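The exercises below are meant to be worked with the sequence and the model side by side. Please try each task before reading its solution.

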Amino acid sequence: MQRYANPTRFMALSGAALPWLAVATVVLFAVGLYLALVVSPPDYQQGETVRIMFVHVPAAWLALFAYLLMAIASAVGLVFRRPLADVAAKSAAPIGACFTFLALVTGSLWGKPMWGAWWVWDARLTSVLILFLLYLGYMAIWQALEEPQRAARLAAIVAIVGVVNLPIIKFSVDWWNSLHQPASVLRLDGPSIHHTMLVPLLVMAAAYMVLFVTLHLLAMRSEVLRRRVRSTVLVQATG
Amino acid sequence: MKPLRALLARELAIAWRQGGGIGRAVGYYLVVVVLLPLGIGPDQALLAQLAPGALWAVLLLAVLLSADRILQADHEQGALELMLLSPVPLELTILCKALAHWLTTGLPLALAAPLLGFLLNLQPDAFGPLVVSTVIGTPALSLLGALGAALTLGVRRGGLLISVLILPLYVPVLVFGTGATAAAVSGSGAFVPSLLILLALTLAAILLAPVAAAAAVRAHYR
């Protein structure tokens, strides 16, 4: 991993990988959407509305994954003093916030026909909303400070403090009486969902993951270039 | 122990002499609690239902808005940098400052909550549980406020930024504080468990918030 911490090597590798990742994203989305919207069966209770699951659930998974990635990258940047790790953390935040927002909105659209309410204050929904606020707070602290190194350290602390929310989100449906569906895929007893729905769900999850990686690498490349521009401007101003 | 006691005495003296530290926080609490029934309407039954949650929520805001004075004055005068260099660990210093903040802001607000409950037609059997829950929960609020103060040291107009960063972390305290009060009133048996979880949150904050806050202060001065 140390070898890839060099920004120049990162730019070279990510530049080479991005076209392939973009193609893979499109292919996986095409296959996943076909499986989800055409092949998978309607639910015996929910009918066709169940197909929102294939958009909502992977978005929620990626929202959690992005925060975990942000926290780990922040910790690595804080402990090992790697600017590229700080770049990775900073770039993951807006993408993760968008996935969280998507999960909340699609969940709301699903909740209206199913539960009769656009929003309820149960444990899962509240903790995911808190996750969204944590993302916003993280982005706010990056914006509040001028110097990238200092902003990186403070933002790292914010990200690491907020990671306590992730197990709360995961186990909220077990710990509290929740309207939200309890865990059906990542359980100790194995998935409780039939394979005709599980396979499209996993393909969509893979599509979302590759989309995240593509967007994340793009954002990281932009941030590296932004920092180079800033350094050049500073040198010109003082030199 | 002596340096910590001296620091605590200093913090309490400054808070006392700074004129209006306690008064300002309780005054803010009073004014906002007065606004609520004026906005919601005089329906007594509705106010009685809203009272525990409203009292807790405004308490959170009052603690948070006064949190940046934990570190701001020392940061501006350079005393915080000296505290960084002292043999006393910065974590203990911040813990001490947060304790002083709790004694001069959090605890008075916690004790004022039931008095303001009269304005909101708080149910009689909710008074005692409310006070117990606020007294147990406010140390966590002061400690997280200290963390917020450390993160936003020297940021211009950092008041809103502190709120955006720290209010999400206040949510568990709010949920279990109001839950304890509601459970005591309804007799559902969740009162003591909620109080225990509140106590756990405070203890966790005592352990973890000073560490994070000290890291943030060091990041500012690096």
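**Exercise 1.** Find what covers the buried residues of α3(B), and list those residues.

Solution. The cover over the buried residues of α3(B) includes α2 (21–40), α6 (90–117), α7 (127–151) and α8 (158–186) of chain B, where helices (H or I, at least four residues) and strands (E, at least two) are DSSP runs, numbered from the N terminus. This is a predicted model, in which local features need pLDDT of at least 70 and side-chain atom pairs count only at pLDDT 80 or more, while totals for chains, interfaces and linings use all residues. Residues are numbered from 1 along each chain as its sequence is written, and chains are lettered from A and ligands numbered from 1 in the order in which they are written. A residue is buried if 20 or more other C-beta atoms, placed from the backbone, lie within 10 Å of its own, exposed if 12 or fewer, and partly exposed in between. By that rule the buried residues in α3(B) are B:Ala51, B:Pro52, B:Ala54, B:Leu55, B:Trp56, B:Val58, B:Leu59, B:Leu60, B:Ala62, B:Val63 and B:Leu64.

**Exercise 2.** Work out how α4(A) and α6(A) are oriented to each other, and which residues make their contact.

Solution. As background, chain A has seven helices and zero strands. The angle at which α4(A) packs with helix α6 (residues 165–175) of chain A is about 170°, and their axes are 8 Å apart; axes are lines fitted to C-alpha atoms, for helices over the stretch in contact, and angles run from 0 to 180 degrees between N-to-C directions. The two helices are therefore roughly antiparallel, as angles over 145 degrees count as roughly antiparallel, under 35 as roughly parallel, 65 to 115 as roughly perpendicular and the rest as oblique. On the α4(A) side the contact is made by A:Ala123, A:Arg124, A:Ser127, A:Val128, A:Ile130, A:Leu131 and A:Leu134, and on the α6(A) side by A:Asn165, A:Ile168, A:Ile169, A:Ser172, A:Val173 and A:Trp175. Two residues are in contact if their C-beta atoms, placed from the backbone, lie within 7 Å.

**Exercise 3.** Describe the side of chain A that touches chain B, and then the packing of α5(A) with α9(B).

Solution. In total, 15 residues of chain A are in contact with 13 residues of chain B. The elements giving two or more residues to this side of chain A are α4 (123–144) and α5 (148–162), and α4(A) gives the most, with eight residues. By class this side has twelve nonpolar, one polar and two charged residues, where Ala, Val, Leu, Ile, Met, Phe, Trp, Tyr, Cys and Pro count as nonpolar, Asp, Glu, Lys and Arg as charged, and the others, Gly among them, as polar. Between the chains, α5(A) packs with helix α9 (residues 191–221) of chain B at an angle of about 170°, with axes 9 Å apart, which makes them roughly antiparallel. Among the residues making this contact are A:Leu154 and A:Ile157 of α5(A) and B:Ala212 and B:Ala216 of α9(B).

**Exercise 4.** Locate A:Arg81 and B:Asn121, and decide whether each is buried, partly exposed or exposed.

Solution. A:Arg81 lies in the loop between α2 (53–80) and α3 (83–115) of chain A, has a positive phi near 55°, and is exposed, with 12 other C-beta atoms within 10 Å. B:Asn121 lies in the loop between α6 and α7 of chain B, has a positive phi of about 55° although it is not a glycine, and is partly exposed, with 17 other C-beta atoms within 10 Å.
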